[in-house]
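Please walk me through this model in the viewer. I would like to know what to select at each stop and what is there.

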Amino acid sequence: QYLKDWLDASDSPQQQQPIVIVDVCCGKGVFSMLASYIFQGENTRIQKIIMLDKDPNVNWSHIDYANQLASEENRPIIE
């Protein structure tokens, strides 16, 4: 909630630029999925969410499914 409040309170033009969230050591992407839903809406500054993890064997099907609905639900895409 603190991050959402901070983003909403930013008034200067420099603080209104699009933001990319980078989820380092994301695992299965729980934070990224939650962030995608928390920051949905037309007025969100979150442009996209990038997930980084060294495990090449993670099943990303839940992310693929969430991204199929992201545009329709007005949420940031997870990469």
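How many helices and strands are there in the protein? There are three helices and three strands. Helices here are DSSP runs of H or I with at least four residues, strands are runs of E with at least two, and both are numbered from the N terminus. From the N terminus on, the elements run α-β-α-β-α-β.

**Before you click**

This is a predicted model, in which local features need pLDDT of at least 70 and side-chain atom pairs count only at pLDDT 80 or more, while totals for chains, interfaces and linings use all residues. Residues are numbered from 1 along each chain as its sequence is written, and side-chain values use heavy atoms, with hydrogens and water left out.

Colour by pLDDT, the predictor's confidence in each residue from 0 to 100. The mean for the protein is 88, and 92% of its residues reach 70 or more. Select helix α1 (residues 2-9): confidence is lowest there, at a mean of 72. Then select β3, where confidence is highest, at 96.

Now zoom out. The C-alpha trace spans about 40 × 25 × 20 Å along its principal axes.

**Stop 1: the sheet**

Show the strands. They form an open sheet of three, in the order β1-β2-β3, with parallel pairing. β1 (19-24) and β3 (77-78) stand at the edges with a single partner strand each, so one side of each has no neighbour in the sheet. Two strands pair if DSSP finds at least two bridges between them.

Next, select β1 together with β2 (residues 46-52). Six bridges join these parallel strands. Pick V20 and look across to β2: K48 stands opposite.

**Stop 2: the core**

Select L7, I21, C26, M33, A35, F39, I46, I49, M51, I63, A66 and I78. These twelve residues make up the largest nonpolar core. Such a core is a set of buried Ala, Val, Leu, Ile, Met, Phe, Trp, Tyr and Cys residues joined through side-chain atoms within 4.5 Å. Buried means under 20% relative accessible area, exposed over 50%, and partly exposed in between (1.4 Å probe, protein chains only). Which elements give two or more residues to this core? They are α2 (30-38), β2 and α3 (61-73). The largest share, three residues, comes from β2. Across the protein, 29% of the 79 residues count as buried.

**Stop 3**

Centre on I49, in strand β2. I49 is buried, with a relative accessible area of 0%. Contact means heavy atoms within 4.5 Å. Not counting residues up to four places away in sequence, I49 touches I21, S32, A35, S36, P76, I77, I78 and E79. Draw a C-alpha distance from I49 to S32: the two are 17 residues apart in sequence and 6.6 Å apart in space.

Move to I78. Leaving aside neighbours within four places in sequence, I78 is in contact with S32, M33, S36, I49, M51, I63 and N67.

**Stop 4: D53**

Is D53 buried or partly exposed? D53 is partly exposed, with a relative accessible area of 32%. Look for D53 in the loop between β2 and α3. Beyond four places in sequence, D53 touches C25, C26 and G27.

**Stop 5: R75 and Y37**

Finish with R75, which lies over the face of Y37, at 4.1 Å from the ring centre. The criterion is NZ of Lys or CZ of Arg within 6 Å of the ring centre and within 35 degrees of the ring normal.
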